[in-house]
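Please go through the fold of this chain, with the criteria behind each term.

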Amino acid sequence: MADWISAQNALLRSDTPDWESCARLIEASKAITREISPLDMQAPLDAFPFALTTAHPSTTGPAWVRFLAADKNLKLLLAEAWIVAARRCSEHDVAPEVTMRRWAEALDEAMADLTCTTRYDGFLIEWLRAGLAANLPMRPPDLPIPPSPPIATTPCDIVRQMGRVTLSRYVGSGSGTPILIVHGLIGRQSVCDLEPDRSLVSALLARGCDVWVIDWGSPGKPDADQGFTEHVEGWLKDACDLVQNTTNNRPALMGVCQGGIFVLCYAAQRPDAVSGIALTGTPVDFHADLAGQQGYLNRLTRTLPRDVIDGLLAPSGSLPGATTGALFQAMTPGRTFAKYSIDLAAKLTKPEEMATFARMEAWLADRPDLPGGVAREWLINLYQENALIKDRFEIDGNPVRLANIEVPILNIIAEKDHIVPPACSRALKDYVPNAPYQSIDVPSGHIGVFVSEAARERVAPTIADWLAKI
């Protein structure tokens with residue numbers, strides 16, 4: 001802690017941006033984590049872009065020189081935010097833990113201000129282009145999955161294996177309208193069943209629901225060209241047909257984040273094939289945040305040039321899961337450092353909280369690669385062109401028209417979602433004029449919808465009641 005305080009004071013004394021001082025603070029934060037953590041928490045911190053000194057001794061020539069210049073410019077810009085954060089929490093005579101927490105909050109506020117500037121966009125794009133030109137691996141290292149208690153322990157029966165995709169039905173499912181959980185490909189579906197006391201699945205089962213789930217598996221190189229069409233008109237259609245044939249009921253579909261786009265596309269193309277749609281954290285109008293505070297992920301994705309997107313996908317044909325994981329962590333660096341230091345220290349004497357923390361870390365580290373076909377449509381057609389609300393997003397060559405959806409919709413909005421700005425989800429109401437529509441606001445973040453106390457008290461009962469009425 002003494003080294004951390006010394007590094008913090010060095011930032012306070014900086015009159016000009018100084019990345020070396022920032023790097024010392026990062027290393028001091030990592031040292032605290034090494035001392036207190038019983039888990040391998042070092043890897044997530046090492047995965048931060050820009051956090052470590054760039055070293056690639058085998059690389060030389062003009063491309064390398066250009067990259068070093070871009071790297072310096074970007075790090076000096078980021079250092080400005082770090083110094084602003086240090087000055088915002090410069091009170092003396094407070095406990096070191098209090099200082100560290102204030103610094104973490106101030107850093108995220110300063111970074112939010114910085115990342116909304118065109119200067120940041122320009123420096124970041126130059127950094128990415130220069131790195132790609134120098135043939136650097138523009139991806140963080142894969143995160144090892146840390147040890148944890150078992151995840152997703154609610155028993156289920158595999159109903160069908162469809163290549164890398166699995167359709168399962170949970171043991172103890174009730175009757176009535178079946179609900180099929182459709183997660184996105186960016187994270188695992190197991191977040192809906194993280195642990196027994198924090199499981200949306202078990203809560204729905206306890207209320208007599210018939211719960212099914214799609215596991216998209218682990219896409220590899222053979223899957224790189226697969227896009228939304230393959231997932232919607234292929235695997236999702238087959239799963240829905242099987243659920244209906246098994247239960248004699250049209251399924252309701254619960255779309256989680258990107259999975260909500262799969263669900264909306266399927267329901268718009270086949271409006272008679274589903275009985276209802278529930279969504280959590282699903283962006284629909286990808287530009288709805290332009291009227292207010294722009295989401296970091298939205299702004300970054302909207303500004304990425306096509307050549308940079310192609311370069312990031314080129315090595316494997318897919319967007320690496322490690323890249324998306326590091327991007328999510330980099331959105332709130334202060335919160336992340338606090339999580340792995342003072343927050344973690346506070347949990348060490350609380351076995352139940354440590355078990356929950358370990359399960360979440362294991363889930364976060366287990367990110368599959370996103371097939372290049374899906375990635376391009378996700379980044380270009382949706383984030384950049386906002387094609388879905390313009391009836392220009394296509395499945396199997398046919399435009400998706402949200403107005404075709406006439407089944408009941410339940411839209412669950414996370415009020416503190418920093419990954420999908422709530423405005424981007426709320427916009428759905430304006431594009432489904434023929435559907436009975438209701439929404440609820442949950443005081444949580446993107447993942448908190450499934451694991452927070454407030455979510456447990458409200459989300460599962462709301463879904464169960466909604467299912468009983470459709």
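Predicted model: local features only at pLDDT ≥ 70, side-chain atom pairs only at ≥ 80, totals over all residues.

Author: Residues are numbered from 1 along each chain as its sequence is written, and side-chain values use heavy atoms, without hydrogens and water.

Reader: Which are the edge strands of the open sheet of eight strands?

Author: Strands (E, at least two residues) and helices (H or I, at least four) are DSSP runs numbered from the N terminus, and two strands pair if DSSP finds at least two bridges between them. The sheet has mixed pairing and the order β1-β2-β6-β3-β7-β8-β13-β14. Pairing on one side only marks the edge strands, β1 (156-162) and β14 (437-442).

Reader: Are α10 and α15 roughly parallel or roughly perpendicular?

Author: Helix α10 (residues 296-303) and helix α15 (residues 372-384) pack at about 100 degrees, with axes 9 Å apart. Axes are lines fitted to C-alpha atoms over the stretch in contact, and angles run from 0 to 180 degrees between N-to-C directions. Angles under 35 degrees count as roughly parallel, over 145 as roughly antiparallel, 65 to 115 as roughly perpendicular and the rest as oblique. The two helices, α10 and α15, are therefore roughly perpendicular.

Reader: Which residues does W378 contact, leaving aside neighbours within four places in sequence?

Author: Contact means heavy atoms within 4.5 Å. With those neighbours left out, the partners of W378 are I186, F228, Q258, I261, P283, F286, L370 and Y383.
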